[in-house]
Amino acid sequence: VRAASLRFLSLVAVSLWILALFAPLKLVTLGPHQPTPAVELLHGYDLAALGWLGPLGLSIAWYANILFTICVVRMARGRTPGIRMSCTAIGLAATSLLPHLFLSMVWGWQFEIHWGLSLWLWLASFAVLAVPMIRNR
């Protein structure tokens, strides 16, 4: 993969990531003592601001952003990101599709699921990291 292609892909990945910040996101919450699911409308930046607290609710997806940044910087410099690093970033990001625990002061422990355009744009930005690996095969 040529350096110019890698730079272009890094711009595409960052653009998708930034679009994900401003796209809508649904937060669906359901717990054993909660009678009906609660749906809250958010934006990607709401989740990005507090995502680092994810391990408290058994969610590690936010930490994929660190590897994403490393991979994008490598691509912007015309170097292919390592297959292990990009696959790990994609794997961590994919855990965002799983429900995670949340402690509510009213309802106790409950599950949260994030869903919406913001999530899909964010995951698409990680999928772009795989393009150089596919092209090299």
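Reply: The accessible surface of the protein chain amounts to about 8,200 Å², and carbon and sulfur atoms account for 73% of it. Accessible areas are calculated by the Shrake-Rupley method with a 1.4 Å probe, and for residues only the protein chains shown count as cover. The model is predicted, so local features need pLDDT of at least 70 and side-chain atom pairs count only at pLDDT 80 or more, while totals for chains, interfaces and linings use all residues. Residues are numbered from 1 along each chain as its sequence is written, and side-chain values use heavy atoms, with hydrogens and water left out.

The protein chain has six helices and four strands; helices (H or I, at least four residues) and strands (E, at least two) are DSSP runs numbered from the N terminus. Their order along the sequence is α-β-β-α-α-α-β-β-α-α. The C-alpha trace spans about 55 × 25 × 20 Å along its principal axes. Of the 137 residues, 38% count as buried, where buried means under 20% relative accessible area, exposed over 50%, and partly exposed in between (1.4 Å probe, protein chains only). Among contacts between residues at least 6 apart in sequence, 65% join residues at least 24 apart; contact means heavy atoms within 4.5 Å.

On the surface, Val-14, Ile-18, Phe-22 and Tyr-45 form a nonpolar patch with about 370 Å² of accessible area together. Patches are built from residues with over 30% relative accessible area and no salt bridge, joining like charges within 9 Å and nonpolar side chains (Val, Leu, Ile, Met, Phe, Trp, Tyr) within 5 Å. A salt bridge is a side-chain nitrogen of Lys or Arg within 4 Å of a carboxyl oxygen of Asp or Glu. With 3.6 residues to each turn of an α-helix, residues three or four places apart point the same way. Val-14 is one of the residues of α1, and Val-14 counts as partly exposed because its relative accessible area is 31%.

Val-14 also takes part in the packing of α1 on α3, where Leu-6, Arg-7, Leu-9, Ser-10, Ala-13, Val-14 and Trp-17 meet Asn-65, Phe-68, Val-72, Met-75 and Ala-76. Helix α3 covers residues 64-76, and the two helices pack at an angle of about 150° with their axes 7 Å apart. Axes are lines fitted to C-alpha atoms, for helices over the stretch in contact, and angles run from 0 to 180 degrees between N-to-C directions. The crossing of α1 with α3 is left-handed, meaning that the near helix is turned anticlockwise from the far one by less than a right angle; clockwise would be right-handed. Val-73 belongs to α3, and with 38% relative accessible area Val-73 is partly exposed. The C-alpha atoms of Val-73 and Arg-7 are 9.1 Å apart, although 66 residues separate the two along the chain.

Helix α3 packs against α4 as well: their axes come within 8 Å and cross at roughly 145°. On the α3 side this contact is made by Ala-64, Leu-67, Phe-68, Ile-70 and Cys-71, and on the α4 side by Met-85, Ser-86, Thr-88, Ala-89, Leu-92 and Ala-93. The α3-α4 crossing is left-handed.

Helix α1 is also among the elements that the buried residues of α5 pack against, the others being β1 (24-30), α2 (44-50), α3, α4 (83-94) and β4 (108-115). Those buried residues are Ser-118, Leu-119, Leu-121, Trp-122, Leu-123, Ser-125 and Phe-126. Leu-119 sits in α5, residues 117-127, and counts as buried because its relative accessibility is 6%. Beyond four places in sequence, Leu-119 touches Leu-25, Ser-96, Leu-97 and His-114. Its C-alpha atom is 8.6 Å from that of Leu-97.

His-114 lies in strand β4 and is buried, at 8% relative accessible area. Its contacts beyond four places in sequence are Leu-25, Lys-26, Leu-27, Leu-47, His-100 and Leu-119.
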